[in-house]
Amino acid sequence: MKILIFNGSPRKQGNTVHLIEAFMMRAIELGNETVRYDLDRMFIKPCKACDACANNKGRCVLKDDFNAIYEDILEADGILFAAPLYWYSLPAQLKILIDRLYCLQGLNFKTGSKKVGIIGACADSTEDSFQGFLYGLEKSIEYLGWENVGKVLATGVWGPNDVLKTAKLKEAADLAEKFT
Ligand SMILES: Cc1cc2nc3c(=O)[nH]c(=O)nc-3n(C[C@H](O)[C@H](O)[C@H](O)COP(=O)(O)O)c2cc1C
């Protein structure tokens, strides 16, 4: 299975990346191919709502790093969205990518079956803080007809290595097993 990993954290070695690495290691052990996109280091413009994609077989007219991602999304069997919680919501790095999925309207949002997992990290001590983060993401996954296979939410992690002291790395590795 080909699994795309979208990393929404700007930290090079932060909590999200530690969780992604645990997920990836297990996913690869299980024989999957993984492709990781560090969105903060990519040039992706926000959707302009021009609707050109509606008559363009789902191709976006903007020229940026999304073009390569788009081909991979069509091909992928699985996707992992991983990000820190920013202001009780998605960080801009990931939100811009999700907005650009609007171009899939040109394919009537038909992209085949895909398994999708979610990883989140936040400083607050309660999972309740993820409500705004999860709502848009999970509704969008459902709208796209993709299968939501599970999530790992690391709470109480502020500094970049805090997640290393938790049991969440094991949970992230276990999440990879849902991609079969
Ligand atoms: C701009 C910004 C906004 C944040 N907003 C929240 C928040 O609303 N709730 C929260 O619990 N933590 C918040 N945090 C803390 C991060 O979610 C936390 O440090 C997380 O572990 C960072 O993950 P990373 O190391 O993968 O980047 C915020 C951090 C930043 C930089």
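Which residues are the closest to the ligand? They are Gly14, Thr16, Pro84, Cys122 and Asp124, among 18 residues that surround the ligand; a residue is near a molecule if its C-beta atom, placed from the backbone, lies within 6 Å of it. By class, this shell holds 11 nonpolar, 5 polar and 2 charged residues. Here Ala, Val, Leu, Ile, Met, Phe, Trp, Tyr, Cys and Pro count as nonpolar, Asp, Glu, Lys and Arg as charged, and the others, Gly among them, as polar.

Please note that this is a predicted model: local features need pLDDT of at least 70, side-chain atom pairs count only at pLDDT 80 or more, and totals for chains, interfaces and linings use all residues. Residues are numbered from 1 along each chain as its sequence is written.

I turn to the sheet. Five strands form an open sheet in the order E2-E1-E3-E4-E5, with parallel pairing; strands are DSSP runs of at least two residues, helices (H or I) of at least four, numbered from the N terminus, and two strands pair if DSSP finds at least two bridges between them. At the edges are E2 (33-38) and E5 (147-154), each pairing on one side only. Within the sheet, E3 (residues 78-84) and E4 (residues 115-121) are joined in the parallel sense over 7 bridges, and Ala83 stands opposite Gly120 in E4.

Helix H4 (residues 131-143) packs on this sheet, touching E3, E4 and E5, and its direction makes about 170 degrees with that of E4. Angles run from 0 to 180 degrees between N-to-C directions, and axes are lines fitted to C-alpha atoms, for helices over the stretch in contact. Contact requires C-beta atoms, placed from the backbone, within 7 Å. H5 lies across E4 and E5, at about 170 degrees to E5.

Finally, the axes of H1 (residues 15-29) and H5 (residues 168-176) come within 7 Å and cross at roughly 40 degrees. Residues of H1 including Phe23 and Met25 meet residues of H5 including Leu169 and Leu175.

Definitions and conventions: Contact = placed C-beta atoms within 7 Å.
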